[in-house]
Amino acid sequence: MRKVKIKVNELSVFFNFLQALNRVSIEIYGNKVTAIIGPSGCGKTSFLRTINRMNELIIGFRKKGEVLIDNINIYNNNIDVVNLRRLVGMVFQSSNLFPKSIYENLAFAPKIHGIKDQKIIDELIEETCTKAAIWEEIKDRLEVNALTLSAGQQQRLCIARALTIQPDILLMDEPASMLDPISTAKIEELIFDLKKKYTIIVVTHNMQQAARISDFTAFFYLGQLVEYDKTTKLFTNPSNKQTEDYLTGRFG
Ligand SMILES: Nc1ncnc2c1ncn2[C@@H]1O[C@H](COP(=O)(O)OP(=O)(O)OP(=O)(O)O)[C@@H](O)[C@H]1O
Ligand SMILES: [Mg+2]
């Protein structure tokens, strides 16, 4: 059974005079992995960032259209944005850890969201780091500065950190772009595992990865949603010529 978790109606996004998204309508299903693919600059990150209202932090941002999560318009005036961002976690294209210890990076969000019991926080940290395939590498050095970790380790730490807030929806912007094949495989397993509990949207430039991990795929081009379908259908028998050209490497 498919349950619509996120419903986007006629969404257009502007940054000053530049239009990044053009009337995108899409229904994202709960407990599924949806991959977003498309060439650089086509609006993938801008799209993700409208789902937890992160674009609002950008001067010159404007939007038209609606984004509903569980049938609630998240741009309503009465929406608590802090709570929204707890429900909609995000892992960014590049690591955005604080220049503090690994432990402080991981404990920050649970503390903000009111978990006071040290033991519960420690258990949560071990659990999420194990899930994100980073625990073995950091468990003996939780006090060191997180920025001394390698780029791939930092990225996995960001994934662990996003999970500590126990979100409902997880947005991932090229989460594996800096990882070696072993860590990438671990992250892909993790994503597969996580969809039991979460709704996941993953932006990826890696077509094989999109095909491996996602249930649905959306192809964006020049700010428009060109095609959206089951991943198996979109990859083997795309309906649109542009999708086919992109998948076969004829442009992009
Ligand atoms: N903060 C911003 N201010 C102004 N323009 C922006 C901003 N963020 C994105 N844009 C513009 O919006 C368009 C879409 O950018 P976006 O980052 O969403 O693309 P993308 O599909 O994620 O690309 P990539 O694959 O390179 O990450 C681009 O033309 C970009 O220049
Ligand atoms: Mg991007």
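**Close-up 1. Helices α6 and α7 cross with left-handed geometry.** A crossing is called left-handed if the near helix is turned anticlockwise from the far one by less than a right angle, and right-handed if clockwise. This is a predicted model, in which local features need pLDDT of at least 70 and side-chain atom pairs count only at pLDDT 80 or more, while totals for chains, interfaces and linings use all residues. Residues are numbered from 1 along each chain as its sequence is written, chains are lettered from A and ligands numbered from 1 in the order in which they are written, and side-chain values use heavy atoms, with hydrogens and water left out. The axes of α6 (residues 151-164) and α7 (residues 181-194) come within 12 Å and cross at roughly 15°. Helices (H or I, at least four residues) are DSSP runs numbered from the N terminus; axes are lines fitted to C-alpha atoms, for helices over the stretch in contact, and angles run from 0 to 180 degrees between N-to-C directions. The two helices, α6 and α7, are therefore roughly parallel to each other, a term for angles under 35 degrees. On α6 the contact (heavy atoms within 4.5 Å) involves R156, I159 and L163, and on α7 it involves S183, I187, L190 and L194. By class, these residues are 5 nonpolar, 1 polar and 1 charged. Ala, Val, Leu, Ile, Met, Phe, Trp, Tyr, Cys and Pro count as nonpolar, Asp, Glu, Lys and Arg as charged, and the others, Gly among them, as polar.

**Close-up 2. Helix α3 packs against α6.** The axes of α3 (residues 102-112) and α6 come within 8 Å and cross at roughly 25°. That angle makes α3 roughly parallel to α6. The crossing of α3 with α6 is right-handed. I102, N105, L106, A109 and P110 of α3 meet L157, A160, R161 and T164 of α6. The contact of α3 with α6 has 6 nonpolar, 2 polar and 1 charged residues.

**Close-up 3. Helix α3 also packs against α4.** Here α3 and α4 (residues 118-131) lie at an angle of about 115°, with their axes 10 Å apart. The crossing of α3 and α4 is right-handed. From α3, the contact takes in Y103, L106, A107, P110 and K111; from α4, Q118, I121, D122, L124, I125 and C129. These residues divide into 8 nonpolar, 1 polar and 2 charged.

**Close-up 4. Residues around ligand 1.** Of the 15 residues around ligand 1 (a heavy atom within 4 Å), S40, G41, K44, T45 and S46 come nearest. A polar side-chain atom of S40 lies 2.5 Å from an oxygen atom of ligand 1. For K44, a polar side-chain atom is 2.7 Å from an oxygen atom of the ligand.

How values were computed
Angles under 35 degrees count as roughly parallel, over 145 as roughly antiparallel, 65 to 115 as roughly perpendicular and the rest as oblique. A polar contact is a pair of N or O atoms within 3.5 Å; within protein, one must be able to donate a hydrogen and the other to accept it, and residues adjacent in sequence count only if both atoms are side-chain atoms.
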